[in-house]
Amino acid sequence: MFRFIQAALVDFTDLLFPTLCLGCRCSLTANEKILCADCRIRLPETGQHREPYDQNLLNKFAGKVPIQFVASYLFFSRHNLVQKLIHQIKYKGQKEAAKEIARWYGHQLKTESQLANQIDVLIGVPLHKSRFQQRGYNQADSIAEGLSEALNVPMATDILARTRFRDSQTRKNRLDRWENVKTAFAVLRPEAVEGKNVMIVDDVLTTGATLEACSIELLRAGCKSVSVITLAATHR
Ligand SMILES: [Zn+2]
């Protein structure tokens with residue numbers, strides 16, 4: 001009920017005020033979505049799908065789990081526009097923004113790489129049930145939705161589950177994060193991923209601990225390969 005009232009209020013606010021750019025809060029024109037043209041042009045794209053030999057992001061998983069490839073749209077750093085966007089997507093209910101930005105990336109990948117032909121299914125990193133109820137949506141699934149549309153690859157939300165709920169990962173170092181997530185995921189329907197090329201979707205790739213834990217479970221369940229795609233990634 002509360003969520004319904006909240007959604008109605010958002011619609012009402014949209015009527016009173018024009019939609020604003022999530023980056024600089026200027027009014028968007030009819031042709032602009034989520035970001036104004038100025039902010040969109042300033043997005044720090046990794047462009048990494050155009051450089052097949054750029055192993056920088058893949059190195060985050062080196063020696064831990066065999067990841068086929070890693071694709072990230074934007075560079076994330078503290079106080080940049082991308083951090084602002086991710087914050088809105090994760091904590092401020094901007095799931096449409098997540099979907100739209102994922103569509104932008106999906107179109108790029110579709111026209112400039114062979115990636116879509118190498119994946120059978122997209123799976124968002126799941127939230128624990130209680131976190132999902134608290135937030136009302138899973139931002140990773142919203143990103144997967146946008147990518148799925150643009151790449152024309154199916155997505156699934158009923159294969160992987162987060163079974164343990166622990167504190168937020170935000171302030172933890174790599175080892176703490178790993179201890180926190182290493183047994184947090186379970187594959188609910190192994191038959192759905194057996195022999196498949198799976199792409200795990202998340203908002204930000206930082207240490208890679210969460211994505212590593214998901215990958216291990218999926219490979220254990222019989223996936224042919226696991227790849228990773230995120231809206232943003234830290235340099236290191
Ligand atoms: Zn702007």
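I began with the crossing of α4 and α6, which is right-handed (the near helix is turned clockwise from the far one by less than a right angle; helices are DSSP runs of H or I with at least four residues, strands are runs of E with at least two, and both are numbered from the N terminus). I note that this is a predicted model, in which local features need pLDDT of at least 70, side-chain atom pairs count only at pLDDT 80 or more, and totals for chains, interfaces and linings use all residues. Residues are numbered from 1 along each chain as its sequence is written.

I then looked up the packing: helix α4 (residues 95-112) and α6 lie with their axes 7 Å apart, at an angle of about 35° (axes are lines fitted to C-alpha atoms, for helices over the stretch in contact, and angles run from 0 to 180 degrees between N-to-C directions). Among the residues that meet are Ala 98, Tyr 105 and Leu 109 in α4, and Ile 143, Leu 147 and Leu 151 in α6 (contact: C-beta atoms, placed from the backbone, within 7 Å).

Next I followed α6 (residues 139-151) to the strands, where it lies across β2, β3, β6 and β7 and runs at about 125° to β6. Helix α8 (residues 209-220) also packs on the sheet, touching β6 and β7, and its direction makes about 165° with that of β6.

I read the open sheet as five strands in the order β1-β7-β6-β2-β3, with parallel pairing (two strands pair if DSSP finds at least two bridges between them). Its edge strands are β1 (70-75) and β3 (155-156).

Conventions: Contact = placed C-beta atoms within 7 Å.
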